[in-house]
Amino acid sequence: MRLGSRPAALGLLLLLCAPAAGAGDAQGEHRTDYDREALLGGQEEVDEYVKLAPEEQQKRLKSIIKKIDLDSDGLLTESELSSWIQMSFKHYAMQEAKQQFVEYDKNSDGRVSWDEYNIQMYDRVIDFDENTALDDAEEESFRQDKKRFEKASQDSDPGLNLEEFIAFEHPEEVDYMTEFVIEEALEEHDKNGDGFVSLDEFLGDYRRDPAANEDPEWILVEKDRFLNDYDRDADGRLDPQELLSWVVPNNQGIAQEEALHLIDEMDLNNDRKLSEAEILENQDLFLTSEATDYGRQLHDEYFYHDEL
């Protein structure tokens, strides 16, 4: 499915939440320097982070803590931390889409045409007949991009304006694209055309080796996800809404896990909340978590400025 394979900012954020190969030492210890470089964007941004004076770093961190504390009671709950992390995910996804828009808009007319998108992606315009499959699998998947591009456009003007481009890049964030996301998933996975995705369709081309006594571990994991995470009505198939929970990244779940992790690690008095003092006591941990986007928020006025 093209939604899952394109380099969307949101997808990257989700991938970065998982442990990366080489992210630790030989014993698997957590390397904060790796996190900072990976999530701040590169060595230049890491250098800026390191150069920030401790006093200014703490000042900005305190400002962020106050913004996370929605009820202003001086304590951060799991819900407040989770909401903040989800907001951060969406903010940076939208910021990246805005930056991409400028890069794709070759003639700077305020719209991205289909040809401009082609040129940015492939350095040429790909022509294809609607009824003829392309030899190159990646280019064939570009056909789905064209459908998504057309769906994102809400007016008769050629190309996409900024709002429409964001809908194209992040259909999971825009209500009017939800139907397209579901249709795209069904087109790829619903092999018998019944409007649902069965377990076999969910597993794709997998077939157990006749010589094997049981399924491999990864198949057992996928089956468990199908049965316990996605098939909410336990009817053995995914309806369109259940399908949506599979194909659209679950930011809420990721944010909740990170919020719980921070509380588990930093809550010194076991009240399941974090005070400013507890956070400052474990400042390095907080600055290498999704709560501050690994310190990135300390360099983004959107987060630490008083008028957020």
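A residue counts as buried when its relative accessible area is under 20%, as exposed when that area is over 50%, and as partly exposed in between (1.4 Å probe, protein chains only). The structure is a predicted model, in which local features need pLDDT of at least 70 and side-chain atom pairs count only at pLDDT 80 or more, while totals for chains, interfaces and linings use all residues. Residues are numbered from 1 along each chain as its sequence is written, and side-chain values use heavy atoms, leaving out hydrogens and water.

Salt bridges make a handy way in. Side chains of opposite charge can pair when their charged atoms come close. With a salt bridge taken as a side-chain nitrogen of Lys or Arg within 4 Å of a carboxyl oxygen of Asp or Glu, the structure holds 11 of them. One of these links R148 to D145, with the closest N and O atoms 3.2 Å apart. Both R148 and D145 are buried, and both sit in helix α8 (residues 137-152), 3 residues apart, or about one turn of the helix. Helices here are DSSP runs (H or I, at least four residues), numbered from the N terminus.

Helix α12 (residues 217-230) has a pair of its own, with R225 and E222 again 3 residues apart, about one turn of the helix. Their closest N and O atoms are 2.7 Å apart. R225 has 24% relative accessibility, so it counts as partly exposed. R237 and D235 also meet in a salt bridge, at 3.5 Å from N to O. Here R237 is partly exposed at 33%, and D235 is partly exposed too, at 37%. Elsewhere, salt bridges that share partners tie R111, D155 and E164 into one network.

Now for helix packing. Helix α10 (residues 178-189) packs against helix α13 (residues 240-247) at about 90°, with the axes 10 Å apart. The axes are lines fitted to C-alpha atoms over the stretch in contact, and angles run from 0 to 180 degrees between N-to-C directions. The two helices are therefore roughly perpendicular, a label for angles of 65 to 115 degrees. In contact terms (heavy atoms within 4.5 Å), residues of α10 including V181, I182 and L186 meet residues of α13, among them L243, L244 and W246.

Last comes helix α14 (residues 251-266), whose 16 residues should span 22 Å at 1.5 Å a residue, in agreement with end C-alpha atoms 22 Å apart. The expected span is 1.5 Å times one less than the number of residues. Buried residues in α14 include A255, L262 and M266.

Methods:
Parallel < 35°, antiparallel > 145°, perpendicular 65-115°, else oblique.
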